[in-house]
Amino acid sequence: MDAPSIITQVTSPKEEESCPAPGGGPDKASQSSINLKKQRSRSIFSSLFCCFRNYNVDTTAIHSTTVLPPVVEENGGFQKPSAKYLLPEVKVPDYGKKCMVIDLDETLVHSSFKPINNADFIVPVEIDGTVHQVYVLKRPHVDEFLQRMGQLFECVLFTASLAKYADPVADLLDRWGVFRARLFRESCVFHRGNYVKDLSQLGRELSKVVIIDNSPASYIFHPENAVPVQSWFDDMNDTELLDLIPFFEGLSREEEVYNMLQKLCHR
């Protein structure tokens, strides 16, 4: 397995200029229905992170409706979800909270095989007996965002990258135990060239699930549950995560997610 196949991501414009794109492999779609992103092509390093292509996905055969949450038993415990679900049973401190699915690459961090002088983390990743260094930049205000979301939601990390990269990054990023669960590429549905995060497989009621992600392809099955964010690379003046906190504070108090998400997408 070569290095670019471990991590999938959107390509930074700076990396595009210095690294020619190889042929083949999926590209991550960055076209948003609310014009938050511009489409970018893949660099030689990009496919180790989360990449998609073919944004026009037919969802009629796959789109699901409602998945019931775990049932509370008379003794106060929770029934375990069916084995087909991706998430374990809801923990007692999170019962009654909505589920927030959070993407990793270009949403919370930007990673590269190219050395970054101001990298927050340097993560060694072993590939076919060779250790590669992955340089990771944290998006501005990510610490404040994660801490607050952990108070308001049952937070789940869901990335199309492989665990050998994403798991150690999450260990370094999430010092507070915000992520109740971590889902990686094997939990995605590979559909028409895209790694899609099928929210109906979580084992949570869809009207109480929200996904925050920079790639529309990743939530193409459930766009009505999504909060799109702009892909982030290295702009240290970015405030998008900070600006979203008041919105999510309001969303956490709603009965279901759809009304506020519709207002967000049409503003």
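This is a predicted model: local features need pLDDT of at least 70, side-chain atom pairs count only at pLDDT 80 or more; totals for chains, interfaces and linings use all residues.

**Loop, helix and crossover**

User: Where is histidine 222 placed?

Analyst: Residues are numbered from 1 along each chain as its sequence is written, and side-chain values use heavy atoms, leaving out hydrogens and water. Helices (H or I, at least four residues) and strands (E, at least two) are DSSP runs, numbered from the N terminus. With that settled, histidine 222 sits in the loop between β9 and β10.

User: Why does histidine 222 count as buried?

Analyst: Buried means under 20% relative accessible area, exposed means over 50%, and partly exposed is in between (1.4 Å probe, protein chains only). Histidine 222 counts as buried because its relative accessibility is 0%.

User: Which backbone nitrogen lies 3.5 Å from a polar atom of the side chain of histidine 222?

Analyst: Look at the polar atoms of that side chain. One of them is 3.5 Å from a backbone nitrogen, and that nitrogen belongs to leucine 199.

User: And glutamate 224, how far is its C-alpha atom from that of leucine 261?

Analyst: Glutamate 224 is also in the loop between β9 and β10, and it's partly exposed at a relative accessible area of 33%. Along the chain, glutamate 224 and leucine 261 are 37 residues apart, yet their C-alpha atoms are separated by 7.1 Å.

User: Which elements do the buried residues of α5 pack against?

Analyst: Helix α5 covers residues 258–265, and Met260, Leu261 and Leu264 are buried there. They span an arc of only 100° around the axis (taken from the directions from the helix axis to the C-beta atoms), so they are on the same side of α5. Gln262 and Lys263, on the other side of α5, are exposed. With contact meaning heavy atoms within 4.5 Å, the buried residues pack against β9 (209–213), β10 (226–228) and α4 (240–251).

User: What is the handedness of the β-α-β crossover from β5 to β6?

Analyst: Strands β5 (residues 154–158) and β6 (residues 179–183) pair in the parallel sense over 4 bridges; pairing takes at least two bridges found by DSSP. The chain goes from β5 through helix α3 (residues 163–173) to β6. A crossover is right-handed if, with the strands pointing away from the viewer, the path from the first strand over the helix to the second runs clockwise. This one is right-handed.

Methods
A polar contact is a pair of N or O atoms within 3.5 Å; within protein, one must be able to donate a hydrogen and the other to accept it, and residues adjacent in sequence count only if both atoms are side-chain atoms.
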